[in-house]
Amino acid sequence: SIYEMFGNECCLSTGEVIKVIGFKINKLIASICENNEVSRFSAKVELPLNFPGLYKVVADKTPYTSIEEITRKVSIGPTRFGHPCFYSPEDIKLENLTIKHGEQITLNSMEEVNGMITVNCGVVRNNQIHSFTLPLSQEGKFYECEDDQIYTLKEIAEWKIPKCRNRVVKLFKTLHLWDSSNPLPENFGGCLILTPVYEVQAVMKFRKDIVHILSDLDVEVKDITDCYDIGSFLHPLCLEDVFERTSKEFPVVAEIMEGPSGSKKPYNLLHTGKEIIIYKKYQATRVLASEIRSDSPKRHFLIPLSYKGKFKRRPREFPTAYDLEIARSEKEQLHVVATKPFDSPHKELFSVSVGDQFLIQQCQTSEVLYEGRKKVIDILACEQILSDTYKKVFLPMYMEGGFVEVIHDKKQYQLSEICKEFRLPFNVKVSVRDLSVEEDVLAAVPGLQFEEEITDSYLLISSTSSPVESWEIPVYRLNMLVHLLSKDVQTVVHPATKATVEEISEEQYYMVRRYENQTLHPPPRPPKKPT
């Protein structure tokens with residue numbers, strides 16, 4: 001028989017046939033690191049993959065000796081994380097291209113051509129990508145490039161720990177307040193050496209769930225792949241696997257092998273053994289919103305454009321004159337009140353007192369006298385509101401102060417109207433809750449800031465037993481395994497779609513923002529004070 005403890009199989013009976021479908025890191029053993037070595041005073045601590053925090057990966061100083069070794073040990077794939085970067089200390093001469101020493105080589109994918117496996121690579125020169133292939137037999141020294149991205153522990157475990165190696169990471173941001181249950185020291189901000197503990201994922205002939213076997217289980221096995229009908233086993237698919245299928249292959253019927261955790265619809269309906277119809281895959285727009293509050297942690301939401309509640313505007317806050325210039329629009333004049341004083345070093349420009357009110361007009365340039373020299377700087381033209389008149393004034397664009405918006409607009413807006421008529425970020429509160437859902441999580445939030453519109457990947461599903469409504473489920477934020485059934489879908493037309501407001505964690509919030517903006521340049525910074 002099979003014994004199970006904490007979700008892992010602890011004993012397998014003699015003669016049991018299992019099909020190994022993958023290896024996965026189950027947990028991480030962490031040691032505090034000093035100069036890339038384990039600290040003599042550091043005790044090893046166990047970190048679950050959902051341990052809160054964001055981390056930067058420290059480049060491995062041990063080189064790989066061939067492209068073949070890289071492909072064996074490093075994850076290369078079509079997802080956002082599957083494009084590792086390396087450099088060679090020597091030039092690599094190819095048929096039509098020479099890769100210069102120190103040049104960053106991005107490994108994008110692997111393919112078989114005429115019976116030989118090659119790796120599709122690219123280098124960027126003068127903002128242009130030059131593509132080429134490297135054979136697995138390509139030898140040399142290949143070092144990891146520095147990585148400026150931030151990751152959760154789960155992402156590092158899945159994509160950034162090479163097989164048979166440890167990984168050094170640096171804590172970038174803590175997401176929870178420290179308490180005595182935290183295995184890391186208080187105010188820790190250094191590096192950790194992560195050692196993975198693996199589990200084997202397998203399926204068995206007479207079970208419909210995934211079997212998890214810790215890699216240190218003491219058992220002898222024999223490879224019988226060549227003499228056994230492996231087609232008789234179930235073939236588990238994660239949501240990413242399902243999404244990679246062509247649109248023509250939908251709709252399909254699937255049975256859930258491992259369901260997600262969660263008590264709200266539709267996640268509470270997606271339990272192991274349930275049959276679902278997957279109608280189609282597609283990209284959908286969401287508005288990323290955060291709770292307005294001065295302390296943390298803030299709550300974060302992804303709101304579908306079909307949300308049926310209504311919003312009223314809330315005042316925005318602007319820390320600099322530059323932010324006023326970004327926020328102004330042709331649709332309405334921006335009216336603000338100063339919350340901090342500012343003493344202008346230029347007699348040509350205005351000094352601000354707390355309570356001064358302004359109508360923001362436009363950006364322009366002006367010549368000012370600064371330490372005896374004339375300088376041309378960016379300024380913001382405004383009208384100061386006095387008791388019975390208006391006064392034309394100019395504020396330096398570099399001015400750091402504080403302003404709060406004065407709202408004259410009392411209209412109630414649909415979400416789609418706000419996205420169409422105003423520039424994000426935009427502050428609101430729910431004035432009429434969404435009556436089409438049992439519980440509107442946004443209605444209880446005192447204030448929301450709509451930060452940006454994002455595009456994300458979804459599958460449209462319904463239950464086979466009662467297909468009265470369909471649900472959108474996120475591909476990259478839902479851990480779920482299914483296997484496809486050879487059943488015909490009775491109807492290709494899906495029932496009415498329920499697009500729900502999704503509350504996401506702090507880690508997911510940072511990941512969503514990073515994915516959305518990974519191809520964009522950072523916004524320009526406010527002008528500096530002249531020197």
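## Reading a cavity, ring pairs and a buried glutamate

Modeller: In this predicted model, the residues lining the largest cavity are Tyr267, Arg286, Tyr458, Glu472, Pro474, Thr500 and Glu502.

Biologist: How many cavities of 30 Å³ or more does the count come to?

Modeller: The general idea is that rolling a probe the size of a water molecule over the atoms shows where empty space is left. Here the count comes to one cavity of 30 Å³ or more. The largest cavity holds about 50 Å³ of space.

Biologist: What describes a pair of aromatic rings?

Modeller: Two values describe such a pair: the distance of the centres and the angle of the planes. In this model there are nine aromatic pairs. Take Phe358 and Phe403: the ring centres are 6.4 Å apart and the planes stand at 75 degrees, over the 60 that edge-to-face requires, so this pair is edge-to-face.

Biologist: Where in the chain are Phe358 and Phe403?

Modeller: Phe358 is in strand E25 (residues 357–370) and Phe403 is in strand E28 (residues 400–405). The two are 45 residues apart, and their pair links distant parts of the chain. Both Phe358 and Phe403 are buried.

A further edge-to-face pair is formed by Tyr413 and Phe422, with 5.4 Å from centre to centre and 85 degrees between the planes.

Biologist: Why do Tyr413 and Phe422 count as buried?

Modeller: Buried means under 20% relative accessible area. Tyr413 counts as buried because its relative accessibility is 4%. Phe422 counts as buried because its value is 12%.

Biologist: Which residues form one aromatic cluster?

Modeller: Tyr307, Phe311 and Phe450 form one such cluster.

Biologist: Which ring does the charged end of Lys280 sit over?

Modeller: The charged end of Lys280 sits over the ring of Tyr282, at 5.0 Å from the ring centre. As for Lys281, this residue lies over the face of Phe243, 5.0 Å from the centre of that ring.

Biologist: Is Glu405 buried or exposed?

Modeller: Glu405, which is found in strand E28, counts as buried because its relative accessibility is 5%.

Biologist: Which side chains make polar contacts with the side chain of Glu405?

Modeller: The side chain of Arg313 is one of them, joined to that of Glu405 by a polar contact of 3.2 Å. With the side chain of Arg316, Glu405 makes a polar contact of 2.9 Å. Setting aside neighbours within four places in sequence, the residues in contact with Glu405 also include Arg314, Pro315, Phe318, Leu334, His335 and Val336.

How values were computed:
Residues numbered from 1 in each chain as written. Predicted model: local features only at pLDDT ≥ 70, side-chain atom pairs only at ≥ 80, totals over all residues. Heavy atoms only, no water. Phe/Tyr/Trp six-rings, centres within 6.5 Å; stacked < 30°, edge-to-face > 60°. Helix = DSSP H or I, 4+ residues; strand = E, 2+ residues; numbered from the N terminus. Buried < 20%, exposed > 50% of the residue type's maximum accessible area, 1.4 Å probe, protein only. Lys NZ or Arg CZ within 6 Å of the ring centre and 35° of its normal. Polar contact = N/O pair within 3.5 Å; in protein donor to acceptor, adjacent residues only side chain to side chain. Contact = heavy atoms within 4.5 Å. 1 Å grid on protein atoms, 1.4 Å probe; cavity = no way out; pocket = protein on both sides within 12 Å on 5 of 7 lines; lining within 4 Å. Points joined across faces, edges and corners; volume = space filled by probe spheres on them.
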